[in-house]
Amino acid sequence: MNESDSRAGELARLFEESLSRYQAALAEATSESALRVVHARYAGKEGEIRKRLADALKAAPGPDKRAVGQAGNTALQKAEELFGSRLVDLHEQKRQADLQRRLDVTIPGRPHRLGGLHLLTQVRLELEGIFAELGFQVATGPQVETDFHNFEALAMPKDHPARDMQDTFYLRSHDPSHDPLVLRTHTSPVQIRTMLQQKPPVRIISPGKVYRKDDDPTHSPMFQQIEGLCVDEGVTMADLKGTLLYFVQRFFGPGIGLRLRPSFFPFTEPSAEVDIECFFCKRSGCRTCKGSGYIEILGCGMVDPEVFRHVGYDSEKYSGFAFGTGLERMTMLRYGISDLRLFFAGDARFTEQFR
Ligand code: DAH
């Protein structure tokens, strides 16, 4: 064996050895990207096989270079084939794994729980809509009120006995010279705020939360009222009664009558309480109306000139009516709900009934 043959045999062994390690490394790679890393390490530009080829070319005498080059190309070609077939295997494995996967389309889906408006919100929106038909706009005011707006301007001065019925939560003020702050006991202060802001004609309703110190099955320390106020030239008690009748028949049902009973509120004169005919028993007397045939639903009256004086309205020129009612009470009556606390308990079994 001459020298050049033995060099060729040595080189062939080197390539064989590289290729067998290469093949083993390919077999261990389980992803395409890992496969490409292995490929680069052996057959890439900087890879081991090319390096060995370059070294051999450098060492070989001129006449042998051609044979060395051919042996190198054969080795590289083999490397590409190994890479290609391993890549195909890997893809096939992945496809088989995909085909093995079972999807159970009979498993029930997970439903989305839909939200809804609370019954009290629904009723409030409905009432706003009914009064909008009569040209009333919605007005709102703060729940933390000044003593002036909540009492004083409504003709309930400091020592007025009417304050007792509505005694409430007072807030400690940082500034003792400031008018005391209270959680408003009714929505009537929105009358004052509205009239201080605009000249007649006024036609507003004002829904919102109010606070009192009572707490029993029919009273809650927080509840909601709806206030109404209409001021213009020539407004009379007939307008008040017509407005209320319209509201009652739209809300409780056509044909339901009402009656006004004389009453007292500091901010209206004359004042009245309004009863509607009991729609449960058609006035024959039942538990809801306590045998009377009538159900009390709200307080109202003609705005007292003393209130106009506080807001700078001329009571010789203007007159108006006001009314106030409880949102929960209206709702309980119409839906036959017996316990006020159900509204606030947050029990979905209750609220879901009214979607
Ligand atoms: N603010 C009264 C209350 O909470 C309800 C009321 C009565 C409001 C007569 C009025 C009214 O506007 O005219 O008991």
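Pro201 sits in the loop that runs between helix 8 (189–197) and strand 5 (202–211); helices (H or I, at least four residues) and strands (E, at least two) are DSSP runs, numbered from the N terminus. This is a predicted model, in which local features need pLDDT of at least 70 and side-chain atom pairs count only at pLDDT 80 or more, while totals for chains, interfaces and linings use all residues. Residues are numbered from 1 along each chain as its sequence is written, and side-chain values use heavy atoms, leaving out hydrogens and water.

**Backbone geometry to look at**

- Most residues other than glycine have a negative phi, and most peptide bonds are trans.
- Pro200 and Pro201 are joined by a cis peptide bond, and its omega is about 5°.
- A cis peptide bond also leads from Glu269 to Pro270, with omega near -5°; Pro270 belongs to strand 8 (residues 268–277).
- Lys282 is not a glycine, yet its phi is positive, at about 50°. You will find Lys282 in the loop between strand 8 and strand 9.

**The ligand and its shell**

- The ligand is surrounded by 16 residues, and the closest are His186, Ser188, Arg212, Gln225 and Glu227 (a residue is near if one of its heavy atoms lies within 4 Å).
- Ala322 takes part through its backbone, where a polar atom is 3.1 Å from an oxygen atom of the ligand.
- On its own the ligand has 350 Å² of accessible area, and the protein covers 92% of that (Shrake-Rupley method, 1.4 Å probe).
- Strand 6 (222–232), strand 9 (294–303) and strand 10 (319–326) each contribute at least two residues to the shell.
- Sorted by class, the shell holds 5 nonpolar, 9 polar and 2 charged residues (Ala, Val, Leu, Ile, Met, Phe, Trp, Tyr, Cys and Pro count as nonpolar, Asp, Glu, Lys and Arg as charged, and the others, Gly among them, as polar).

- Helix 3 (residues 48–59) and helix 4 (residues 65–100) pack at about 175°, and their axes are 9 Å apart (axes are lines fitted to C-alpha atoms over the stretch in contact, with angles from 0 to 180 degrees between N-to-C directions). That angle makes helix 3 roughly antiparallel to helix 4 (under 35 degrees is roughly parallel, over 145 roughly antiparallel, 65 to 115 roughly perpendicular, the rest oblique).
- The contact of helix 3 with helix 4 has 8 nonpolar, 2 polar and 3 charged residues.
- Helix 2 (residues 32–43) packs with helix 3 at an angle of about 5°, with axes 4 Å apart, which makes helix 2 roughly parallel to helix 3.
- Arg41, Tyr42 and Ala43 of helix 2 meet Glu48, Ile49 and Arg50 of helix 3, giving 3 nonpolar, no polar and 3 charged residues.
- The axes of helix 2 and helix 4 cross at roughly 175° and come within 11 Å, so helix 2 is roughly antiparallel to helix 4.
- Among the residues that meet here are Leu35 and His39 in helix 2 and Phe83, Leu87 and Leu90 in helix 4. The contact of helix 2 with helix 4 has 7 nonpolar, 2 polar and 4 charged residues.

Definitions and conventions
Polar contact = N/O pair within 3.5 Å; in protein donor to acceptor, adjacent residues only side chain to side chain. Contact = heavy atoms within 4.5 Å.
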